[in-house]
Amino acid sequence: MSLHTEPVVVNIGPHHPSTHGVFRMRVTFDGENVQDVEPVIGYLHRGTEKLAEERQYSQVITLTDRLDYVASMTNNQAYVLSCEKLIDIEVPDRGKYLRTIAAELQRVASHLVGVGFFLAELGGFGGTALMYCFRERERILDMFEMLCGARITVSFMRIGGVFQDAPEEFWPALRKFLDEMPGYADELNKLIFESEIVQARTKNVSVISADQAIDASLTGPILRASGVPWDIRAAQPYDAYDQVKFDVITAQGGDNFDRFWVRMLEVEQSLKIIEQCYRDIRSGPVRSTTSLLFRPSPGEAYVPIEAPKGELGFYLVSDGSIAPYRCKIRSPSFISLTLFKEMLVGWKLADIIVSLGSLDFNMGEVDR
Amino acid sequence: MGEALAENIVYRHVYEFILSVFGSELAWLAYAIATFSVVLLVVNVLMLLATFYTWAERRLLGRFTNRLGPNRAGPFGLLQALADAVKLLTKEDIVPRSADRWVFNIAPIVMLGSVLMAMGVIPLGEKTFLADLNIGLLYLVAVSGLGSIAVLMAGYASANKFSTFGAMRAAAVLISYEIPLVMSLLSITILAGSMSLIEVVNSQTIPFLLVTPLAAFIFLTAMSAELNRSPFDITEGESEIVAGYLTEYSGMKFGTFMLAEFAALMVAGAVFAVLFLQGWKWAILPSHIWMLLKVGLFALLATWVRSTLPRLRPDQILTFAWKFLFPLSLINVIALSVQRLLLADEFGNLQQQDMWLMVVSNWILMVVAVPVLIKITNRKSGIPFGESAKFHVGKGV
Amino acid sequence: MYGSGMLKAFGVTLQNFLRKPSTVQYPEERLQQHPRFRGQEFTWYEERCTGCASCAKYCPLGIIKIVTDPSGGDYQDGGSYRIDQFDIDQARCMYCGICVEACPYDALHMGTRFEAATYSREDLVITIDDLRARPKHPSAWFRPQLAKEGFDPFTEIADWREVGRETYFWHPKRPEMVPEDLAQKASSDGDYDKSQDND
């Protein structure tokens, strides 16, 4: 006996509890199974690239804060690195180290957000893992407040270094964080990754193969979860990354579980990097003398960095004026959505939410 | 109702008071008023417990997640439930235009009704119960099934796709988990030799939690599925289908649903206490206090589970029910039947030492049966929830 | 054994159940703020401001409006323009602090408050009168001299004489703008730091 059923089209988003901001999916369901899915983006488009063309180079830093608002530090970093290449200036060593510390702290914070939402998306009480993660993230944000007076929209880095040296109270706080964080990471491991329900829900779901990932130019934890050891921090070191030792984390499965697992392991590596920077940092200037206003000679620059979500870079074209002629943002979140359909079709309603979360994208960066 | 209720202290006093005022020719009125007052008392106690528990659960969840929870309204936030009720009552009551009005409006009442009806047979303490039905357990099963019908009604009537998803999931869970639930109640019947809840309590010389741990485990699992509690809360899985069948509800209709859900949890706790924890019986403290403590223990456990475990996928929940819980409950029923056949004396009664023998054998059974069954259920990964599998999607949908 | 992972998870939640809550009860308790906090409510020192409008020029959003009146000022001898209007539209401000960074005379500082809710957008525009009237709690953001002194911007009030990098602020033509001992030292040493006197 067969019953005639019709597929149902459901709009998930743009205001849905777990679509990471104003993201919308038009999903065709056959019962609980996903037959077709179509992403609709653009609800958060603010025209950052165009805005950047109308602002001086130093003013654009404040715009980059608002791209991936979960990881503002790395946005700053990517932008100022491109600018520095454009006007060809050197950053003092202490500035480089401070940037590295700030960027790695931001990576920890961003991954904590990603992992924290993991359990909520799986349908646990939306506060347990999230609160634990946010509790630790709060300490990082507190350190950012010590560094630069803001928690989210940091504007910490400047072209030629960082805006100011770290205050004295920062170092004990960092030390305390470095000492205590591994214990909390262990707690999260126990709460999330060792739980059988989590494993049953996420292992072998929405698998991205290494070839697929490379073809779609995915980067960051998503690519590494598919078993490709590509990390720009190791491959093309910038700032102080050539001075530190760390492992490029990879996993073989390429499934939802591995994507989060890689993030959790990267937190450990980040702590390792911060530890080395904390040990090696020497006193000195933090910023080369650059005016806020400058006119680079005509040319172009692109410096990719390893943002928490993948390769982030600002392609800047100068026509000799005080503002960039073109500012193209290569945002990892947007490119992560490339394999969206391949990942979700054929899975269940409950899976697509988790798969979406495993991409850990940020609408501020997708729509720009 | 008659005889058992007549022993109740409230009933007797009201009855005698009215008789003394109006004289014995109005005995029917005294009977009606006395009965009604007892019913009112029980219902209100349940509602109070449920509203109190909404506060308690939020406080507990707060502590589990390293927060404080609501602590502003009144001392320790105790009046939070009142504040919530006021808020819900003053909210606009929206019925979607394409909704099935009648069904939409009736659904919360049916839901609450099913919970209140279940209270009819549950003894809340020594000589504190409304009715001693000799088919109490059957009645419970029948009445609790009604709640899922209400969910189905709400989901269907809302004319919302998310609601429909929730309703369909609720129906699937109802069908699957009713069977293990009934099986576990059946094993209690085998042990107690009666379906009356009073008899069940009286026959528990040893708590049945010890005698038949498997039945307790199955009961807890199936009950949390029936109650939409974590990890089986797919019916209103907020991260997937917004709020499931509740998506279109607002105001006090929503409040009624929530109240009914929390009351259902209280009722489930009471049933668990009656079936497995010797009900009101224990030493020193008055029977009602013991009952409250046992219900509280159940609620604490439910909150703890909710704060810790993520949700299973609907297909995994069904796999778990049919491939794991159902065979497990069958094993349990068969084992208990055999034990009873072997151990009972010529009058069909179980002695205390026989009970202890059953305790030992059933714990051994649990330790052996569960891992073996997990292995059989899923040879590949040893997970009783089933594997994740991609569905083949045909072309030209 | 199967289920041990879940048991560990239960252990973690129990452990956190017993831990001290990580939240604070906001209106009564507050999180510790740090001296560099970039808050609402700018702190402006009229005595220091020359009306050069560097802040307005560098503001990424262009929300600072300055109207100066050059007439009647003795600015050839170190006096500054009269500032008629100094409006900051806080409704659009993103508190990036670049205006503060751009200020060559340390006249504009970030504030330290963050509870400036109002009922209308118009109320969010800070006028020159507001700036004059408000208590001076300058944030240490981009003002290392404040942090060095151990200045606590949340409780202490700073006078305009205390907030500048005086050695370079001191100008031979305006000796009265700095405390006397500093001025004497500066004039005798002649360490007028031209390198920082940028536009």
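Reply: A definition comes first: helices (H or I, at least four residues) and strands (E, at least two) are DSSP runs, numbered from the N terminus. By that rule, chain C contains seven helices and five strands. This is a predicted model, in which local features need pLDDT of at least 70 and side-chain atom pairs count only at pLDDT 80 or more, while totals for chains, interfaces and linings use all residues. Residues are numbered from 1 along each chain as its sequence is written, chains are lettered from A and ligands numbered from 1 in the order in which they are written, and side-chain values use heavy atoms, with hydrogens and water left out.

Me: In what pattern do they follow along the sequence of chain C?
Reply: The pattern of chain C is α-β-α-β-β-α-β-β-α-α-α-α.

Me: And how many of its residues are buried, as a percentage?
Reply: Of the 199 residues in chain C, 45% are buried. Buried means under 20% relative accessible area, exposed means over 50%, and partly exposed is in between (1.4 Å probe, protein chains only).

Me: Now chain B. What is its mean pLDDT?
Reply: The mean pLDDT of chain B is 82, and 93% of its residues reach 70 or more. pLDDT is the predictor's confidence in each residue, from 0 to 100.

Me: Which element of chain B has the lowest mean?
Reply: Helix 1 (residues 2-6) of chain B has the lowest mean pLDDT, 57, whereas helix 5 (residues 101-118) of chain B has the highest, 88. Where pLDDT is low, the predicted coordinates should not be read in detail.

Me: At what angle do helix 10 and helix 14 of chain B pack?
Reply: Helix 10 (residues 213-226) and helix 14 (residues 314-343) of chain B pack at about 150°, with their axes 10 Å apart. Axes are lines fitted to C-alpha atoms, for helices over the stretch in contact, and angles run from 0 to 180 degrees between N-to-C directions. Helix 10 and helix 14 of chain B are therefore roughly antiparallel; angles under 35 degrees count as roughly parallel, over 145 as roughly antiparallel, 65 to 115 as roughly perpendicular and the rest as oblique.

Me: Which residues make that contact?
Reply: Helix 10 of chain B contributes L214(B), A215(B), F217(B), I218(B) and T221(B), and helix 14 of chain B contributes F320(B), F324(B), L325(B), L328(B), S329(B) and N332(B). Contact means heavy atoms within 4.5 Å. Eight of these residues are nonpolar, three polar and none charged. Ala, Val, Leu, Ile, Met, Phe, Trp, Tyr, Cys and Pro count as nonpolar, Asp, Glu, Lys and Arg as charged, and the others, Gly among them, as polar.

Me: What about Q269(A): buried or exposed?
Reply: Q269(A), in helix 11 (residues 256-280) of chain A, is buried, with a relative accessible area of 9%. Not counting residues up to four places away in sequence, Q269(A) touches F246(A), D247(A) and I249(A).

Me: And S270(A), what is it in contact with?
Reply: S270(A) also lies in helix 11 of chain A, and its relative accessible area is 0%. Leaving aside neighbours within four places in sequence, S270(A) is in contact with E104(A), R107(A), V108(A) and R233(A).
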